[in-house]
Amino acid sequence: MPTRTSATAALLLTAGLVLSGCAAASDAASPTASPAMSDEAMSDETTETMSESESMGDESMTEEPMAEESMTAGAYVDYTDGVIEATSGDKALFFHASWCPQCRALDEDLRASGAPDGLTVFKVDYDSRTDLRQKYGVTLQTTIVFVDDAGEAITSTVLYDDPSVASLIAAAP
């Protein structure tokens, strides 16, 4: 009887952790990351406008650094075979499952805020792309894998506890 009780307790504990993890992680997906990104983008735009208007005679000093800072716009697109090699710039794979609340939260934040400048985020279906999960050692949805131009993993992280664009930016190599 003690073995059955231990097994039942372990099962209940596991179920409780999974359910509480989902609730905590979905609560952690705060909308504060979106306004921060908007404020930052607006701040950059304001700085650029002010720099242009204030230094008409000395454009080389203000526009050159701004050109470096204003990289290409980020993109958030569905993954297809061959897209990594065909895309320039920094790249990340977002292993997304439609049934995962944390994945939905990050997906919504990426759609609302956009991908960070200079980064292309590829949305990979966690359930159907087992080949990519195996290649990159992905065992949990909301995993982000940063890859090089050849599709080799640079680094990876799981954004399960904080599925936001802000945490994606923080995890970038």
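**Notes on a buried serine and the sheet**

1. Ser167 lies in helix α7 (residues 165–171); helices (H or I, at least four residues) and strands (E, at least two) are DSSP runs, numbered from the N terminus. The model is a predicted one, in which local features need pLDDT of at least 70 and side-chain atom pairs count only at pLDDT 80 or more, while totals for chains, interfaces and linings use all residues. Residues are numbered from 1 along each chain as its sequence is written, and side-chain values use heavy atoms, with hydrogens and water left out.

2. Ser167 counts as buried because its relative accessibility is 11%; buried means under 20% relative accessible area, exposed over 50%, and partly exposed in between (1.4 Å probe, protein chains only). The side chain of Ser167 comes to 2.4 Å from the backbone oxygen of Asp162. Leaving aside residues up to four places away in sequence, Ser167 touches Leu159 and Asp162, where contact means heavy atoms within 4.5 Å.

3. Five strands form an open sheet in the order β1-β3-β2-β4-β5, with mixed pairing; two strands pair if DSSP finds at least two bridges between them. β1 (75–78) and β5 (153–158) are the edge strands, each with a single partner strand, so one side of each has no neighbour in the sheet. From one strand to the next, the twist averages 25 degrees; axes are lines fitted to C-alpha atoms, for helices over the stretch in contact, and angles run from 0 to 180 degrees between N-to-C directions.

4. β1 and β3 run parallel and are joined by four bridges, with Thr120 in β3 as the bridge partner of Ala75. Helix α5 packs on the sheet and touches β1, β2, β3 and β4, its direction making about 140 degrees with that of β2.

5. Strand β2 (residues 90–96) is mostly covered, with six of its seven residues buried. Seven bridges pair β2 with strand β3 (residues 119–125) in the parallel sense, and Asp90 is found opposite Leu119 in β3.

Terms used. A polar contact is a pair of N or O atoms within 3.5 Å; within protein, one must be able to donate a hydrogen and the other to accept it, and residues adjacent in sequence count only if both atoms are side-chain atoms.
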